[in-house]
Amino acid sequence: MRTPLVTGALCCVLILAAILLAGCTQNTASSPATPAATVPPETTPPASGPAETATPVSVSPAAAMTTAPASSGNSVTTVLVNSTSNGDILTVPANERVLVSLKENPTTGYMWNATVSKGLSVIADTYYPPNSALVGAGGYREWILAPDGVGTYTFKAVYMRSWEGATATDETFSLVIVATPE
């Protein structure tokens, strides 16, 4: 009489262990490699408001800069910004690059529609898919920007569905880049 009870309890324990183990596994399928330290952590909510009320941003923290080889063999410094820099004024030497990284989820139809002012070149526009097997998970989009010379330039983006057109409720991102002499 005790054998069926022990067997039943043992089966329940094994089933619970299998369920727990199945919930702890993760798909480790590889995804495209992303550059190390590409996106600074977002720790504060994005600022809102017009660029006229923005405050200058310091670019001195070492964590916000990387060095990449330029085509001429010299190294170029890249300043990294994300959604926490929304509405800011960023002052950089004219020979530096600015990498803007924003979360994007094209599986929902929403994508960033970015524009730059004259004199600001878009060196790269890349979408990085999520490092997840979850259906519908979002990734992020990166733009590498380069001022053509000394001056003030703007980068603006609207997070929208292209077939719906822009509305006043769409999420926006703007950045003023002031390029100074080296």
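This is a predicted model: local features need pLDDT of at least 70, side-chain atom pairs count only at pLDDT 80 or more; totals for chains, interfaces and linings use all residues.
Residues are numbered from 1 along each chain as its sequence is written, and side-chain values use heavy atoms, with hydrogens and water left out.

The protein chain contains 1 helix and 10 strands; these are DSSP runs numbered from the N terminus, helices being H or I with at least four residues and strands E with at least two. In sequence order the pattern is α-β-β-β-β-β-β-β-β-β-β. Contact means heavy atoms within 4.5 Å. Among the contacts in the protein chain with a separation of 6 or more, 65% are accounted for by residues 24 or more positions apart.

Of the 182 residues, 30% count as buried. Buried means under 20% relative accessible area, exposed over 50%, and partly exposed in between (1.4 Å probe, protein chains only). The accessible surface of the chain is about 11,400 Å², and 62% of this belongs to carbon and sulfur atoms; such areas come from the Shrake-Rupley method with a 1.4 Å probe, and for residues only the protein chains shown count as cover.

Serine 101 is buried, at a relative accessible area of 2%. Its C-alpha atom is separated by 7.6 Å from that of leucine 80, a residue 21 residues apart along the chain.

The structure holds 3 salt bridges, each defined as a side-chain nitrogen of Lys or Arg within 4 Å of a carboxyl oxygen of Asp or Glu. One of them joins glutamate 104 to arginine 141, with the closest N and O atoms 3.0 Å apart. Because glutamate 104 lies in strand S5 and arginine 141 in strand S8 (residues 139-147), this pair ties together parts that are 37 residues apart in sequence. Glutamate 104 is buried, with a relative accessible area of 1%, and arginine 141 is buried at 11%.

Arginine 141 also meets aspartate 125 in a salt bridge (2.8 Å, N to O). Aspartate 125 lies in strand S7 (residues 120-128), so its pairing with arginine 141 in strand S8 ties together parts 16 residues apart in sequence. Aspartate 125 is partly exposed, at 44% relative accessibility.

A further salt bridge links glutamate 164 with arginine 161, the closest N and O atoms being 3.4 Å apart. Glutamate 164 is partly exposed at 46% relative accessibility, and arginine 161 is partly exposed at 23%. Through shared partners, salt bridges join Glu104, Asp125 and Arg141 into one network.
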